[in-house]
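Open the model in your viewer and get ready to select a few residues. We will go stop by stop, and at each one you will hear what to click next.

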Amino acid sequence: MADPTLDDLRRYAVARTLFKPTTLPRAIQRLGFVQADPIRAPARAQDLTLRHRVADYRAGDLERRYPRLPIEEDCLVNYGFLPREHLALMHPRESKSPWDAETQRKAAAVLTFVREQGQVHPRQVELHFAHGRMKNYWGGSSNASTHLLDGMHYRGMLRVARRDSGTRIYEAVAHPPCDESPVGRAQRAAALVDLVVRKYAPLPAASLTYLVRLLGYGAPHLSAQTRDALRQAREQLATCRIDGTTWYWPADENPGSRRHAPDESVRLLAPFDPVVWDRRRFELLWGWTYKFEAYTPAPKRQFGHYALPLLWHDRVIGWANVSASEGRLAPIFGYAGAAPRGAAFRSALDDELQRMTQFLAAR
């Protein structure tokens, strides 16, 4: 098999993750992990990601159906949704920041309370225990009970049972024991590395290293093993070198395959969609720098509050900030170069805006 060209990698990067729309459980299983974000502009990132991959998907379907699906809200390289079998690779999770005796005592009391109640809203925990306020990561003040519940969820004492108007509702959980032998830990680490490679391939070498480092969020206790798994992956993955950059992808896939031919669609992607998530890869494949600026002060923004990358065929050609009011979209577009001209692009863009309108419509 001949080495792929950059054009091959570009088409492959788009086609391998924008698969034919399927059911919600199958889409999440195939993606392996869906990154979450609370901002709605015009919908949450997880919904914007799934709408391209789930037939007849509407904003909020994931939250509505979550209690009946075999998936979990939890961490991988960041926070999101993943199949339960992937969660089992990371639990029991050992945090890098051990709790002191007082925090352990509070957590044990809260866990007993949650078991008695079945499912709890953070407000119930605060009313019962009155943990007060605490300084948060950003320097402000936040509810100490919410912070404790977050920590208990991260450590595998609680799971998210559902959401109530966007707020996590927790219940107690006990993760099954796993093989803690050196071989067992190495196998779980290798499976995690394989998971992120298959989600984000093709990957520049630096991005592969970065992703494995990010696994320290979901599986901090397996950091040594994931580093070993990375060294093994570099030897087993398919690879090539283009313009000074080394690329990696699963050995059983062929970036040069004709089946990766792009379609005629225009798509507005979530800022965390697998196609565009890796900003290093983005610049290599499309020749310009895209930035997520929701947390950037407005005067310093180049792209806007929540710029959705604009994909046409196999090219990300620009972005759009989209608002919606009374069922009508108000998109504002920007382009990395000259805006495309011609009826084909206008028609494809109109189709995408119609799909977006339908996606935002209530069931």
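Which residues does Arg93 touch, not counting residues up to four places away in sequence? Select Arg93 and keep that question in mind while we settle a few ground rules.

This is a predicted model, in which local features need pLDDT of at least 70 and side-chain atom pairs count only at pLDDT 80 or more, while totals for chains, interfaces and linings use all residues. Residues are numbered from 1 along each chain as its sequence is written, and side-chain values use heavy atoms, with hydrogens and water left out.

**Stop one: Arg93**

Arg93 sits in the loop between helix H5 (84–87) and helix H6 (101–117). Helices (H or I, at least four residues) and strands (E, at least two) are DSSP runs, numbered from the N terminus. Now for the answer: Arg93 touches Asp74, Cys75, Tyr154, Arg155, Tyr217, Gly218, Pro220 and His221. Contact here means heavy atoms within 4.5 Å.

Is Arg93 buried or exposed? With 5% relative accessibility, Arg93 counts as buried. Buried means under 20% relative accessible area, exposed over 50%, and partly exposed in between (1.4 Å probe, protein chains only).

Show the polar atoms of the Arg93 side chain next. One of them lies 2.8 Å from the backbone oxygen of Tyr154, and the backbone oxygen of Gly218 lies 2.6 Å from a polar atom of that side chain. A polar contact is a pair of N or O atoms within 3.5 Å; within protein, one must be able to donate a hydrogen and the other to accept it, and residues adjacent in sequence count only if both atoms are side-chain atoms.

**Stop two: helix H2**

Select residues 24–31, which form helix H2. The buried residues of H2 are Leu24, Ala27, Ile28 and Leu31. Look down the axis of H2: these buried residues fall within an arc of 95°, so they line one face of the helix. The arc is that of the directions from the helix axis to the C-beta atoms. On the face turned away from the buried side you will find the exposed residues Arg26 and Arg30.

What do the buried residues of H2 pack against? Their partners include strand E1 (34–35), helix H3 (45–50), helix H4 (61–65) and helix H9 (182–200).

At its start, a side-chain oxygen of Thr23 comes within 3.3 Å of the backbone nitrogen of Arg26. After H2 comes Gly32, with a positive phi near 85°.

**Stop three: the nonpolar core**

Select Leu50, Leu62, Leu76 and Tyr306. Of the 106 residues in the largest nonpolar core, these touch the most other members. The largest share of this core, seven residues, comes from H9. A nonpolar core is a set of buried Ala, Val, Leu, Ile, Met, Phe, Trp, Tyr and Cys residues joined through side-chain atoms within 4.5 Å.

Zoom in on Leu50. Leaving aside neighbours within four places in sequence, Leu50 is in contact with Leu24, Ile28, Leu31, Val34, Tyr57 and Leu62.

**Stop four: His313**

Move to the loop between strand E12 (308–312) and strand E13 (315–325), where His313 lies. At 22% relative accessibility, His313 counts as partly exposed. Beyond its neighbours within four places in sequence, His313 contacts Val14, Pro262, Asp263, Glu264 and Ser265. The backbone oxygen of Asp263 lies 2.9 Å from a polar atom of the His313 side chain.

Now look at the backbone. Most residues other than glycine have a negative phi, and most peptide bonds are trans. Phi of His313 is positive, near 55°.

Ser165 is exposed, with a relative accessible area of 71%.

Where are the cis peptide bonds to look at? One joins Ala41 and Pro42, with omega about 5°, and Pro42 is in the loop between E1 and H3. Another runs from Ala201 to Pro202, with omega near -5°; Pro202 is in the loop between H9 and strand E8 (203–204).
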